[in-house]
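Please keep the viewer open as you read.

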Amino acid sequence: MITRRGAIKGLTAIVASGLTTAAYGLGVEAPFTRVTRYGLTPPGWQKGHRLHIAVIADTHVLEPWMGLKRLRSIVDTANALKPDIVLLLGDYAAGHAIRKWGHAIPARAWAEVLAQLNAPLGTHAVLGNHDWWENGPLVTRSLTRANINVLSNMNIPIHRDGGTLYLAGVDDVWCDKHDLTAALRGIPSNAAVVSLVHEPDFADTVAHDERVILQLSGHSHGGQARVP
């Protein structure tokens with residue numbers, strides 16, 4: 001067992017964002033794919049180990065703005081980066097009022113596209129608010145059938161190069177599905193944890209647990225505003 005200062009030298013995250021607001025996302029942002037790379041070396045981590053993570057969030061699959069062809073291109077882009085693991089951070093569905101802007105695609109169809117993501121350590125996901133607004137249980141079933149591991153207030157160990165990193169998935173905060181205690185249950189006190197939470201501002205809560213050294217989130221589509 002590694003300590004929380006432990007086994008991974010660098011974390012590289014590749015983020016493909018979808019919509020920010022309905023107007024901006026559908027009218028401006030949707031036609032473009034942007035790959036952003038982050039090289040992270042948390043203080044105190046030992047040298048010699050690396051983990052390459054592909055992160056995709058907020059696809060909001062909706063014809064004609066984000067159809068299956070567009071989603072396939074995002075999957076192809078992620079696969080071309082040859083990640084060790086793929087993490088999906090919620091809002092795959094176009095729920096709530098966004099549906100009126102286009103034609104919704106069944107969860108089974110877009111999940112089959114996401115099933116083509118390829119990484120030796122697998123593809124793991126949490127749900128977002130739009131997924132619950134649409135049909136949370138259906139989204140979960142569709143992802144699971146596509147061999148995508150849905151972490152709903154639970155964790156799994158990831159073993160690599162002799163070390164262990166825990167992924168702790170927290171279900172959606174906006175829809176009051178989250179349970180951080182359950183998500184972290186059973187993780188050793190000296191473990192290193194990466195938390196997956198759709199909403200980034202939940203970091204204020206996650207930060208109280210010293211085991212968590214990184215939170216990965218979607219929801220804000222590459223930007224974050226806090227007023228005042």
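Accessible areas here come from the Shrake-Rupley method with a 1.4 Å probe, and for residues only the protein chains shown count as cover. With that in hand, the protein chain exposes about 11000 Å², and carbon and sulfur atoms supply 52% of it.

Two notes on provenance. This is a predicted model, in which local features need pLDDT of at least 70 and side-chain atom pairs count only at pLDDT 80 or more, while totals for chains, interfaces and linings use all residues. Residues are numbered from 1 along each chain as its sequence is written, and side-chain values use heavy atoms, with hydrogens and water left out.

The protein chain has 6 helices and 12 strands; these are DSSP runs numbered from the N terminus (helices: H or I, at least four residues; strands: E, at least two). Buried residues make up 54% of the 228 residues, where buried means under 20% relative accessible area, exposed over 50%, and partly exposed in between (1.4 Å probe, protein chains only). Of the contacts (heavy atoms within 4.5 Å) with a separation of 6 or more, 75% join residues 24 or more positions apart.

Now to the interior. A nonpolar core is a set of buried Ala, Val, Leu, Ile, Met, Phe, Trp, Tyr and Cys residues joined through side-chain atoms within 4.5 Å. The largest one has 29 residues, and Leu88, Tyr92, Trp110, Leu114, Leu117 and Leu143 touch the most other members.

H3 gives the most, with 6 residues. A second, separate core of 18 residues includes Leu51, Leu151, Ala192 and Leu196.

How do H2 and H3 pack, and at what angle do their axes cross? The axes come within 9 Å and cross at roughly 25°, using lines fitted to C-alpha atoms over the stretch in contact, with angles from 0 to 180 degrees between N-to-C directions. The two helices are therefore roughly parallel to each other, since angles under 35 degrees count as such. Leu68, Leu71, Arg72 and Val75 of H2 meet Ala109, Trp110, Val113 and Leu114 of H3.

Finally, Arg34 sits in the loop between helix H1 (22-29) and strand S2 (36-40). Arg34 is exposed, with a relative accessible area of 60%. Its C-alpha atom is separated by 9.4 Å from that of Ile74, 40 residues apart along the chain.

Key: Parallel < 35°, antiparallel > 145°, perpendicular 65-115°, else oblique.
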